[in-house]
Amino acid sequence: MNRFNLTFRGEVLPGYDPERVRASLAETLGIDDPIRLQECFSGDPVILGRNLERKSAAELYAKLHRLGAHSELVRVE
């Protein structure tokens, strides 16, 4: 069975307000620590979901995309 990590480097999709994306991401993922949230937008890859089943990974990826956050699915070997 394919498993995936969902990574994020803090990139905001074109046409989205970065502050709104930041607030939406924090709310969606339950991040209330400003330092942790800043780490998500540092430019370094952060794993937001680890070892997810394909369906769960795709759903979270789509949700983040709708918020304006550019994330990547990385297959776990």
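This is a predicted model: local features need pLDDT of at least 70, side-chain atom pairs count only at pLDDT 80 or more; totals for chains, interfaces and linings use all residues.
Student: Why is N5 called buried?

Tutor: The relative accessibility of N5 is 14%, and since buried means under 20% relative accessible area, N5 counts as buried. Its place is in strand β1, which covers residues 3-12.

Student: Which residues does N5 touch, once residues up to four places away in sequence are not counted?

Tutor: N5 touches I47, G49, R50, N51, E72, L73, V74 and V76, where contact means heavy atoms within 4.5 Å.

Student: What makes the approach of the N5 side chain to the backbone nitrogen of N51 a polar contact?

Tutor: The side chain of N5 reaches that backbone nitrogen of N51 at 2.7 Å, and a polar contact asks for a pair of N or O atoms within 3.5 Å, one able to donate a hydrogen and the other to accept it.

Student: How far is N5 from S71 in sequence and in space?

Tutor: N5 and S71 are 66 residues apart in sequence, while their C-alpha atoms are 10 Å apart in space.

Student: Why is N51 called partly exposed?

Tutor: N51 has a relative accessible area of 39%, and because partly exposed lies between the limits of 20% for buried and 50% for exposed, N51 is placed in that class. N51 is found in strand β2, residues 46-53.

Student: How do you know whether L52 is buried or exposed?

Tutor: L52, whose place is also in strand β2, has 18% relative accessibility and therefore counts as buried, the cut-off being under 20%. Leaving aside neighbours within four places in sequence, L52 is in contact with N2, R3, F4, L6, A57 and L60.

Student: What makes P34 count as exposed?

Tutor: P34 has 60% relative accessibility and so counts as exposed, for which the value must be over 50%. The place of P34 is in helix α2, residues 34-40, and its C-alpha atom is separated by 23 Å from that of E72, 38 residues apart along the chain.

Student: Why are helices α1 and α3 called roughly antiparallel?

Tutor: Helix α1 (residues 18-29) and helix α3 (residues 54-67) pack at an angle of about 150°, with their axes 9 Å apart. Angles over 145 degrees count as roughly antiparallel, and the pair is therefore described in that way. The crossing of α1 past α3 is right-handed.

Student: Which residues meet where α1 packs on α3?

Tutor: From α1 come V21, S24, L25, T28 and L29, which meet L60, K63, L64 and L67 in α3. The residues of this contact divide into six nonpolar, two polar and one charged.

Notes:
Residues are numbered from 1 along each chain as its sequence is written. Side-chain values use heavy atoms; hydrogens and water are left out. Helices (H or I, at least four residues) and strands (E, at least two) are DSSP runs, numbered from the N terminus. Buried means under 20% relative accessible area, exposed over 50%, partly exposed in between (1.4 Å probe, protein chains only). Axes are lines fitted to C-alpha atoms, for helices over the stretch in contact, and angles run from 0 to 180 degrees between N-to-C directions. Angles under 35 degrees count as roughly parallel, over 145 as roughly antiparallel, 65 to 115 as roughly perpendicular and the rest as oblique. A crossing is left-handed if the near helix is turned anticlockwise from the far one by less than a right angle, and right-handed if clockwise. Ala, Val, Leu, Ile, Met, Phe, Trp, Tyr, Cys and Pro count as nonpolar, Asp, Glu, Lys and Arg as charged, and the others, Gly among them, as polar.
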